[in-house]
Amino acid sequence: MGAAIQDHPEKVRRKASKDVRRQQLIEATLDVLARKGYASLTIAEVAKSAGLSVGIISFHFEGKEKLLASSLRYLADEYYANWKASLEEAEDNAAAKLEAVLLSDFNETIYTPAKLASWIAFWGETQGRPVYEEICSRYDEERSRVVMDLCKELTSDGGYAHDPKYVMFGLEGICEGLWLGTVSTAARIDPYINAQTAQRVVKSALHAFFPRHYSGV
């Protein structure tokens with residue numbers, strides 16, 4: 001076979017520069033979302049946060065809606081990769097895997113005030129909800145299936161009188177509530193919810209549902 005055709009170095013540099021610029025704009029969008037919310041975000045504020053011109057945003061994203069959709073897709077891809085990696089790295093048993101998936105919500109990569117506030121801007125505000133449903137519904141369904149399957153396995157193994165579906169709803173609801181609580185107290189000097197506290201709450205919930213598989217904290 002012939003040698004692979006290599007891109008010209010200048011073309012590679014342009015692509016790298018474009019990718020860096022897009023990422024810069026996405027990060028600026030998340031910054032503004034966290035401070036202003038979905039409805040109040042403007043292209044001008046994003047440009048100011050990024051230290052770039054409004055025209056650059058139009059060039060890369062064609063407008064506010066595509067910029068917001070790209071920013072949410074970035075969050076969704078990152079979140080999906082985070083919990084999948086935790087699942088794959090966990091010990092090969094249902095208890096370890098379920099704990100790993102749930103605690104991954106509080107990994108330092110994704111558990112930041114700006115990212116949490118950005119998530120809430122998408123799924124908590126009326127204007128952001130359709131974008132959220134379009135991009136994230138598939139991801140949410142897969143995660144729910146994984147958590148419920150692990151709950152089923154633990155329920156069967158331990159002989160618990162639970163409906164795994166409701167356990168899944170409860171555990172996922174606790175994680176979402178802890179995210180909300182983190183954002184609501186982010187401005188406090190000593191917020192009562194942080195990563196360590198949140199993980200202790202999740203471990204306590206796991207013990208409450210599956211006491212023969214998890215010790216208390």
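**Aromatic close-ups**

**View 1. Y79, W119, Y132 and W179 gather into one aromatic cluster.** This is a predicted model, where local features need pLDDT of at least 70, side-chain atom pairs count only at pLDDT 80 or more, and totals for chains, interfaces and linings use all residues. Residues are numbered from 1 along each chain as its sequence is written, and side-chain values use heavy atoms, with hydrogens and water left out. Rings of Phe, Tyr and Trp (its six-membered ring) pair if their centres lie within 6.5 Å; planes under 30 degrees apart count as stacked, over 60 as edge-to-face and the rest as tilted. By this rule the count comes to 12 aromatic pairs.

**View 2. Y80 meets Y139 as a tilted pair.** The ring centres sit 5.1 Å apart with the planes at 45°, so "tilted" is the label here. This pair links distant parts of the chain, 59 residues apart: Y80 belongs to helix α4 (residues 64-89) and Y139 to helix α7 (residues 129-158); helices are DSSP runs of H or I, at least four residues, numbered from the N terminus. Y80 is partly exposed at 23% relative accessible area, while Y139 is buried at 14% (buried means under 20%, exposed over 50%, partly exposed in between; 1.4 Å probe, protein chains only).

**View 3. F209 and F210 make another tilted pair.** Their centres are 6.4 Å apart, with 50° between the planes. F209 is partly exposed, at 23% relative accessible area, whereas F210 is buried, at 0%.

**View 4. R138 lies over the face of Y139.** The distance from the ring centre is 4.7 Å. A charge counts as over a ring if NZ of Lys or CZ of Arg is within 6 Å of the ring centre and within 35 degrees of the ring normal.

Definitions and conventions
Helices (H or I, at least four residues) and strands (E, at least two) are DSSP runs, numbered from the N terminus.
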